[in-house]
Amino acid sequence: MVAKAGDEVTGGSTDKADGSSDESSPRTALDITVSGSTDSDSSSSGGGGAEEPHTHQWRAFIRGLLQRKKSIRRLSTFPPAASPEITRWRPLRNLERTRTAKESGRGELPLAPPPPPPPPPLILWRPMWRSFELKELAAATDDFSPENLIGRGGHAEVYRGRLPSGQLVAVKRLMKKEMEEERVGDFLSELGIIAHVNHPNAAHLLGFGVEGGLHLVLQYSPHGSLASVLHGSKDPIEWGIRFKIALGVAEGLRYLHEGCHRRIIHRDIKASNILLTDDYQPQISDFGLAKWLPDQWPHHVMFPIEGTFGYLAPEYFMHGVVNEKTDVFAFGVLLLELITGRRAVDSSRHSLVIWAKPLLDAKNLEELVDPSLGGSYEPREMNSAVAVASASIHHMPTLRPHMNQALQVLRGEDESIVVGGDGPTKPVLFDACDLEDYSSSRYLNDLSRHRKLALEQ
Ligand SMILES: Nc1ncnc2c1ncn2[C@@H]1O[C@H](COP(=O)(O)OP(=O)(O)OP(=O)(O)O)[C@@H](O)[C@H]1O
């Protein structure tokens with residue numbers, strides 16, 4: 001359950017379907033700003049006791065939702081079979097709950113949520129977003145005309161629009177059929193998180209609307225998504241742009257993991273969720289699955305398993321373990337897409353990771369690199385991208401780099417991992433030990449098993 005009409009929305013943990021609690025849920029983003037309560041989290045959004053201007057916006061937003069007099073809840077359903085791609089695999093929705101260490105059979109997992117984290121320092125912050133009326137959104141998008149439809153995800157339609165000021169915007173509207181179901185929760189989570197994110201490499205929220213459905217109003221990205229540019233256009237994009245995108249996504253992820261006032265795990269990094277500005281600056285978008293993690297939690301075990309086949313880290317799809325390294329794995333897959341020009345999952349539903357792993361291990365750049373580049377790339381950049389991709393898709397999460405390390409290698413500031421040279425690749429030991437001994441062949445087996453499971457849905 002997320003919230004019901006008439007429920008009082010207050011600070012604290014997020015109620016799950018089974019009545020259990022999940023303090024890491026991004027729903028807290030809404031709760032803390034609406035309640036202005038004494039909840040220890042309240043200052044994390046800049047609350048700090050005194051009501052800030054943005055609190056009024058949240059109040060207006062929640063009031064609008066409650067006036068809908070419709071229940072908003074999570075249901076134990078599967079996504080519609082006709083999803084445009086095999087996205088958002090949610091086979092375990094009916095098991096929605098937070099597993100305890102006992103249940104998972106692992107001593108190191110938290111038995112119960114630890115006490116709430118101490119409030120972070122007060123951040124003076126003024127929102128740049130506002131609430132839009134339906135008539136404003138309709139005017140901007142020419143009544144949501146099909147000509148303005150620029151994207152359709154699993155759960156939302158995105159329309160290009162123009163505000164009276166002349167500014168181009170993207171209006172993301174939760175599809176009607178999804179309104180009463182679990183997606184509303186994701187949508188509100190997305191709003192709660194994106195409203196707090198402020199980085200050039202993250203999608204920029206301009207406002208929201210709750211009349212006639214749920215809407216996010218975002219800055220318009222003229223080139224659309226990386227997926228459409230990389231896989232949907234006849235002209236291959238040159239290596240310089242690909243590398244710029246890799247650097248920008250790494251910057252954005254580092255910000256989410258380390259630069260925000262709370263750690264944000266995106267959980268759905270993929271080419272269609274990377275938007276491109278007019279000068280191909282990438283912006284991480286679609287925060288529908290993103291989670292805030294308290295500082296003292298090394299990781300979190302989550303069900304249902306949600307995300308996109310082809311980008312899911314093995315420890316996540318096998319055990320539900322989520323932390324920064326879940327995103328690092330997906331970033332590695334994204335790098336492989338940029339290097340090879342191939343999709344994370346091809347039309348025969350074969351995984352790029354399974355295809356690339358032997359080539360990465362053999363340092364076979366010749367077969368790995370996108371032939372449409374015609375060998376035209378800067379060798380240092382390519383070598384560092386390949387090295388980071390290889391380390392990022394490591395089956396052991398602790399042997400994957402943190403995003404700041406990945407960034408340093410990409411920028412050429414750290415050459416501790418190099419491929420393609422004469423000497424052997426240096427081992428990349430970022431942390432001391434792993435959760436378990438997990439062999440490479442078992443990893444590939446698990447990937448294949450996961451692929452089979454995903455195809456059965
Ligand atoms: N700000 C924007 N500017 C331009 N195009 C956008 C913008 N936001 C989204 N789009 C387009 O709409 C598509 C769908 O958007 P988005 O991924 O946010 O929807 P979704 O329903 O959450 O998708 P998913 O299936 O991943 O859950 C994107 O892949 C992109 O092509």
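Of the 21 residues around the ligand, Gly-154, Lys-172, Gln-219, Ser-221 and Asp-286 come nearest. A residue counts as near if one of its heavy atoms lies within 4 Å of the molecule. This is a predicted model, in which local features need pLDDT of at least 70, side-chain atom pairs count only at pLDDT 80 or more, and totals for chains, interfaces and linings use all residues. Residues are numbered from 1 along each chain as its sequence is written, and side-chain values use heavy atoms, with hydrogens and water left out.

Look at the polar contacts first. Each is a pair of N or O atoms within 3.5 Å. Lys-172 places a polar side-chain atom 2.7 Å from an oxygen atom of the ligand. Gln-219 uses a polar backbone atom, 2.9 Å from a ligand nitrogen. Ser-221 also has a backbone N or O atom 2.9 Å from a nitrogen atom of the ligand. On its own, the ligand has 620 Å² of accessible area, and the protein covers 92% of this. Such areas come from the Shrake-Rupley method with a 1.4 Å probe.

What classes of residue make up the shell around the ligand? It has seven nonpolar, nine polar and five charged residues. Here Asp, Glu, Lys and Arg count as charged; Ala, Val, Leu, Ile, Met, Phe, Trp, Tyr, Cys and Pro count as nonpolar; the others, Gly among them, are polar. Domain 1 (130-219) and domain 2 (224-419 + 435-455) each give at least three residues to the shell. These bounds come from an automatic or database domain assignment. Strands E4, E5, E6 and E8 (215-219) each supply at least two shell residues. Strands are DSSP runs (E, at least two residues), numbered from the N terminus, as are helices (H or I, at least four).

Now follow the sheet. It is open, with six strands in the order E3-E7-E8-E6-E5-E4 and mixed pairing. Two strands pair if DSSP finds at least two bridges between them. The edge strands, E3 (130-131) and E4 (149-152), each pair on one side only. E4 and E5 run antiparallel, joined by three bridges. A hairpin of three residues connects them. Leu-149 has Tyr-159 in E5 as its bridge partner. Tyr-159 is also the bridge partner of Val-171 in E6. E5 (156-162) and E6 (168-174) pair in the antiparallel sense over seven bridges.

Finally, find the aromatic pairs. The structure holds three. Rings of Phe, Tyr and Trp (its six-membered ring) pair if their centres lie within 6.5 Å; planes under 30 degrees apart count as stacked, over 60 as edge-to-face and the rest as tilted. Trp-129 and Phe-208 form a tilted pair, 5.9 Å centre to centre with 55 degrees between the planes. Trp-129 lies in the loop between helix H3 (101-104) and E3, and Phe-208 in strand E7 (205-209), so the pair ties together parts 79 residues apart in sequence.

Definitions and conventions:
A polar contact is a pair of N or O atoms within 3.5 Å; within protein, one must be able to donate a hydrogen and the other to accept it, and residues adjacent in sequence count only if both atoms are side-chain atoms.
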